[in-house]
Amino acid sequence: MRRTVLAPTRAKYACTRAGMTEAVDNDFYSARYEAAPRYYERQRELRGRMRMDDREGYLTVDTICQLDANGAVLRFEVLG
């Protein structure tokens with residue numbers, strides 16, 4: 001069986017969208033990675049620090065984003 005390799009740029013795009021959804025759900029208006037997140041291919045996880053902005057400033061949080069073989073987000077978690 002051939003293993004599907006997910007491109008890191010596709011993973012970053014999917015996880016950024018998941019971060020935006022999480023931000024809007026928590027009364028922020030934007031979310032973006034502060035620096036290039038780290039992609040762990042074997043676990044299909046993207047880990048990085050996101051900046052979430054609101055009208056009063058911003059909050060920096062660590063995130064974990066787990067993806068399936070097709071690049072769909074399975075789990076997006078804000079660590080704090």
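User: What percentage of the accessible surface of the chain belongs to carbon and sulfur atoms?

Analyst: The accessible surface of the chain comes to about 5,500 Å², by the Shrake-Rupley method with a 1.4 Å probe, where for residues only the protein chains shown count as cover. The model is predicted: local features need pLDDT of at least 70, side-chain atom pairs count only at pLDDT 80 or more, and totals for chains, interfaces and linings use all residues. Residues are numbered from 1 along each chain as its sequence is written, and side-chain values use heavy atoms, leaving out hydrogens and water. The carbon and sulfur percentage is 46%.

User: What pattern does the chain follow, read along the sequence?

Analyst: The chain has one helix and five strands, taken as DSSP runs numbered from the N terminus (helices: H or I, at least four residues; strands: E, at least two). Read in sequence order, the pattern is α-β-β-β-β-β.

User: What is the radius of gyration of the chain?

Analyst: The C-alpha trace spans about 50 × 20 × 20 Å along its principal axes. A compact globule of 80 residues would have a radius of gyration near 12 Å, the rule being 2.2 Å times the number of residues to the power 0.38, with the radius taken over C-alpha atoms. The chain agrees with this, at 13 Å.

User: Is aspartate 53 buried or exposed?

Analyst: Aspartate 53 is found in strand S3, residues 45-54. Buried means under 20% relative accessible area, exposed over 50%, and partly exposed in between (1.4 Å probe, protein chains only). Because its relative accessible area is 5%, aspartate 53 is buried.

User: Which side chain does a polar contact of 3.0 Å join to that of aspartate 53?

Analyst: Leaving aside residues up to four places away in sequence, aspartate 53 touches Phe28, Tyr29, Ser30, Arg32 and Tyr58, contact meaning heavy atoms within 4.5 Å. A polar contact is a pair of N or O atoms within 3.5 Å; within protein, one must be able to donate a hydrogen and the other to accept it, and residues adjacent in sequence count only if both atoms are side-chain atoms. The partner in the 3.0 Å polar contact is arginine 32.

User: What is the relative accessible area of aspartate 27?

Analyst: Aspartate 27 is found in the loop between helix H1 (8-25) and strand S1 (30-33). Its phi is near 65 degrees, a positive value in a residue other than glycine. Aspartate 27 is exposed, with a relative accessible area of 69%.
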